Amino acid sequence: MAKTNPGRFFEDYQVGQVLHHAVPRTVKMGERALYHALYPARHALYSSDQFAQACGLPFSPLDDMVAFHVVFGKTVPDVSLNAVANLGYAEGRWLAPVWPGDTLRSESEVIGLKQNSNGKTGVVYVRTRGMNQHDEVVMEYCRWVMVRKSNLDAPAPETVVPDLAKVVPADQLVLPQGLDFTGYDFTLAGEPHRLGDYEIGEKIDHVDGVTIEEAEHMLATRLWQNTAKVHFDATFRPDGQRLIYGGHVISMARALSFNGLANAQMVVGLNGGAHANPCFAGDTVKAWSEVLDKAETIAPGVGAIRLRLVATKGGEPFALKGDDGKYLPEVLLDLDYWALMPV
Amino acid sequence: MAKTNPGRFFEDYQVGQVLHHAVPRTVKMGERALYHALYPARHALYSSDQFAQACGLPFSPLDDMVAFHVVFGKTVPDVSLNAVANLGYAEGRWLAPVWPGDTLRSESEVIGLKQNSNGKTGVVYVRTRGMNQHDEVVMEYCRWVMVRKSNLDAPAPETVVPDLAKVVPADQLVLPQGLDFTGYDFTLAGEPHRLGDYEIGEKIDHVDGVTIEEAEHMLATRLWQNTAKVHFDATFRPDGQRLIYGGHVISMARALSFNGLANAQMVVGLNGGAHANPCFAGDTVKAWSEVLDKAETIAPGVGAIRLRLVATKGGEPFALKGDDGKYLPEVLLDLDYWALMPV
Amino acid sequence: MAKTNPGRFFEDYQVGQVLHHAVPRTVKMGERALYHALYPARHALYSSDQFAQACGLPFSPLDDMVAFHVVFGKTVPDVSLNAVANLGYAEGRWLAPVWPGDTLRSESEVIGLKQNSNGKTGVVYVRTRGMNQHDEVVMEYCRWVMVRKSNLDAPAPETVVPDLAKVVPADQLVLPQGLDFTGYDFTLAGEPHRLGDYEIGEKIDHVDGVTIEEAEHMLATRLWQNTAKVHFDATFRPDGQRLIYGGHVISMARALSFNGLANAQMVVGLNGGAHANPCFAGDTVKAWSEVLDKAETIAPGVGAIRLRLVATKGGEPFALKGDDGKYLPEVLLDLDYWALMPV
């Protein structure tokens with residue numbers, strides 16, 4: 001009886017199937033400190049208990065991306081061990097803060113399947129939910145990945161492509177209970193700009209850059225218990241390079257965006273995202289943002305800003321796609337998300 | 001008056017001598033998180049407070065190897081600063097879990113001495129005990145090292161070679177109070193295999209590999225306050241390489257063994273071990289295991305599995321020794337331990 | 001409206017100006033563990049809650065250098081983003097321990113300005129204070145930096161050079177409440193030497209060395225939320241090297257000084273300091289100390305020792321300056337500080 005996990009292949013998925021992912025994880029103060037060591041994260045609400053309390057929260061939650069990474073990491077052995085590519089995200093929402101001491105687990109429902117015409121791969125759509133120890137859903141998102149078939153003779157399943165929203169509507173964003181930005185301290189937060197100071201279409205070059213090291217992306221990826229070989233084993237790819245977990249680039253870019261978006265405090269919605277090109281150690285990651293939309297919320301003093309966050313490894317700021325409509329080779333990430341900002 | 005520690009030489013040890021090692025260490029949540037960042041550790045009992053509670057423990061203890069590393073690290077200035085080689089381990093037992101907030105210290109008794117025929121070195125046998133702040137012994141083990149003489153004219157001591165057990169008998173393993181695997185959740189733990197599913201003699205290739213970085217092994221080794229120069233100072237060895245702490249390889253291999261041994265939850269006995277060849281940054285560590293024995297315990301639903309854990313840096317799985325009986329050059333570690341597993 | 005922080009230039013400072021630095025930071029157990037992973041820190045009072053309690057403290061505080069780094073890191077965006085050089089420190093005092101759970105913020109008062117004769121740069125003197133969540137000052141120090149002018153036509157300000165003490169007088173050192181070394185355990189602390197065993201003028205070679213890695217200095221520098229580009233972005237300097245944060249060298253040297261100064265437990269005064277030469281990844285940092293002075297304190301069993309701490313990257317121990325009076329090229333740091341030691 002083989003004891004190791006070979007991962008699932010395309011023919012192993014059925015629409016409606018629910019995958020209960022293994023190894024729940026209690027996250028505490030150590031994970032919080034490591035997040036600050038791994039990324040230049042400075043958003044005040046995640047840095048200071050007192051700042052968070054002045055915003056109506058009991059204390060400082062773990063960074064929203066910690067929730068994403070932990071929830072995502074658990075899905076890897078069941079969803080993406082034999083994945084060829086991570087194709088997209090949609091309908092992502094953060095539904096409750098993750099507090100130090102919470103234990104997260106996750107499960108995914110298969111919501112779509114489409115075999116590719118080559119007969120060798122197919123696209124698997126899942127909706128993943130992360131739950132805390134009280135069985136509250138703390139975040140959810142849809143993801144679709146291209147997965148290899150193991151048995152090429154397995155019949156193609158009925159094609160089911162889910163109808164996913166291009167954007168999470170602002171009125172479906174969920175705000176942390178008690179959140180109140182009416183007493184927001186812009187000096188402590190680091191920048192004076194409120195929602196009204198940003199224009200739709202405005203672009204911001206976040207200026208700073210971080211050169212990526214092997215040790216750092218591996219520490220980060222392991223911390224989220226994401227154990228995909230390709231991130232750790234230099235002998236796995238023919239080129240001897242370790243592919244950096246796409247979430248490492250997301251967190252790096254989000255942290256770099258502090259410089260110009262210090263008041264885009266909480267990430268509450270993930271509208272979409274593409275890992276445009278692979279990132280390797282030695283690349284210097286920079287970031288720029290574009291304001292895509294703005295909206296009101298029902299929480300006092302709290303608005304929502306929809307942002308495109310682009311991570312690059314060189315090139316000019318604000319360059320995204322070539323004349324052929326394809327991402328430029330230096331673009332690493334194109335993420336579309338909602339954040340909360342004082343109005 | 002010289003202020004720095006020159007370490008002890010072979011002639012400085014006497015049988016019966018007790019060495020009280022310095023610098024007690026309080027371990028908390030930060031050490032727990034760092035362990036998960038440094039190693040691909042996923043055993044559920046150490047990852048989730050709720051999983052640990054469902055197994056009868058108050059919450060998730062620190063990884064058993066944290067106890068070993070901290071206890072071991074304290075002995076370095078007194079035992080192995082002038083050691084030429086770490087020769088072996090025996091009679092190791094984990095006697096109580098280490099909880100976040102515990103403070104560990106350690107002491108070693110010299111239990112054997114044997115000068116080598118060259119007159120320049122000798123073997124020192126110690127039994128080391130790690131205690132918590134309540135003076136409970138949390139773990140103990142024997143270790144023997146080859147140590148240089150400083151004064152070659154010092155007379156050879158009477159040879160005393162302790163009679164050490166080849167294997168800790170299963171009935172002498174100590175189980176954490178309250179441990180109960182009758183409600184064990186195999187889905188959350190990540191694999192369905194129980195003790196009955198493993199055969200004595202069965203071998204498991206753990207498949208995954210991790211390429212080692214200088215920054216990571218130094219972070220780990222410092223965290224355990226093991227300050228042997230050879231791990232940190234690239235100018236110390238003539239080849240300019242930093243020798244990786246053998247315990248880093250132990251933790252890496254044990255974490256990799258999750259894939260195939262996810263339910264070998266707690267390490268409770270250390271029967272023996274050899275650091276077969278040195279490990280350096282750039283090596284890709286893989287691991288395989290062999291089931292050596294199985295036993296019952298008195299705790300409900302809890303069995304014991306005796307495992308050989310082999311770490312390699314290349315080569316074929318399951319290759320261990322050459323025709324000459326010596327370890328193959330790619331073998332890093334050959335460890336013999338007892339773990340607890342649901343029956 | 002530009003959203004990113006361009007930093008202040010020389011003409012943007014006025015004497016008497018108070019800069020309220022952004023992003024308060026709650027430090028907890030995770031920061032403590034990371035400090036022990038990043039530096040070979042073994043001073044017992046910061047390693048063990050029980051040892052700290054035996055010295056009259058409620059439990060183990062965060063390392064004094066954590067306070068310094070966090071307080072310093074917050075000043076970077078307002079003081080040194082356009083700095084050409086960090087010129088000196090004076091009148092530094094640690095005024096209260098930082099406990100896990102404390103939230104630190106900092107503010108700086110401009111206490112001096114002097115335009116350089118080239119008209120392109122000037123020296124800015126600030127007194128920085130770090131406060132905890134109870135508005136207690138936990139540490140203060142003066143620093144002066146050379147800052148570029150942006151508008152070369154801006155008139156030179158009136159020259160004000162503050163009169164800073166060469167040494168903090170011993171009777172102005174502030175000791176943690178309750179500190180008592182009368183029951184000090186030298187065995188647990190790691191060395192037998194008390195204040196009376198050190199002679200003024202005595203020099204100690206700390207022997208051990210640590211080769212610096214990019215990943216480690218970046219983890220450390222980010223942990224203190226110091227985001228100066230030059231430490232992170234390999235494309236920033238023409239030589240493609242990342243300049244290592246001077247504070248990383250301070251902490252490394254201080255931790256190395258354990259070997260010979262294990263009982264110089266708490267750092268309470270910073271008399272002066274020079275970052276003599278830049279440090280880059282690959283350098284092997286070693287350290288030596290010189291006893292500059294000794295003093296009594298009013299706390300039972302507690303004396304003060306004034307130390308020169310020199311960090312080097314090669315060369316002979318105790319070499320500091322050449323015949324020209326300039327620091328030798330291998331000297332990284334020359335720090336003058338007060339520590340507390342059992343009498």
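Contact here means heavy atoms within 4.5 Å. The model is predicted: local features need pLDDT of at least 70, side-chain atom pairs count only at pLDDT 80 or more, and totals for chains, interfaces and linings use all residues. Residues are numbered from 1 along each chain as its sequence is written, chains are lettered from A in the order in which they are written, and side-chain values use heavy atoms, without hydrogens and water.

**View 1. Surroundings of H217(B).** H217(B) lies in helix α5 of chain B; helices are DSSP runs of H or I, at least four residues, and strands are runs of E, at least two, numbered from the N terminus. Beyond neighbours within four places in sequence, H217(B) is in contact with H231(B), R242(B), L243(B), I244(B) and H248(B).

**View 2. Burial of H217(B).** H217(B) counts as buried because its relative accessibility is 0% (buried: under 20% relative accessible area, 1.4 Å probe, protein chains only).

**View 3. Interface of chains B and C.** In chain B, 34 residues are in contact with 45 residues of chain C. The two chains bury about 3100 Å² between them, 59% of it on carbon and sulfur atoms (accessible area, 1.4 Å probe, lost on being put together, summed over both).

**View 4. A salt bridge across the interface.** Chains B and C share 7 salt bridges (side-chain nitrogen of Lys or Arg within 4 Å of a carboxyl oxygen of Asp or Glu). One of them joins the side chains of R222(B) and E216(C), at 2.7 Å, N to O. On the side of chain B that touches chain C, α5(B) gives the most, with 6 residues.

Technical notes. Buried means under 20% relative accessible area, exposed over 50%, partly exposed in between (1.4 Å probe, protein chains only).
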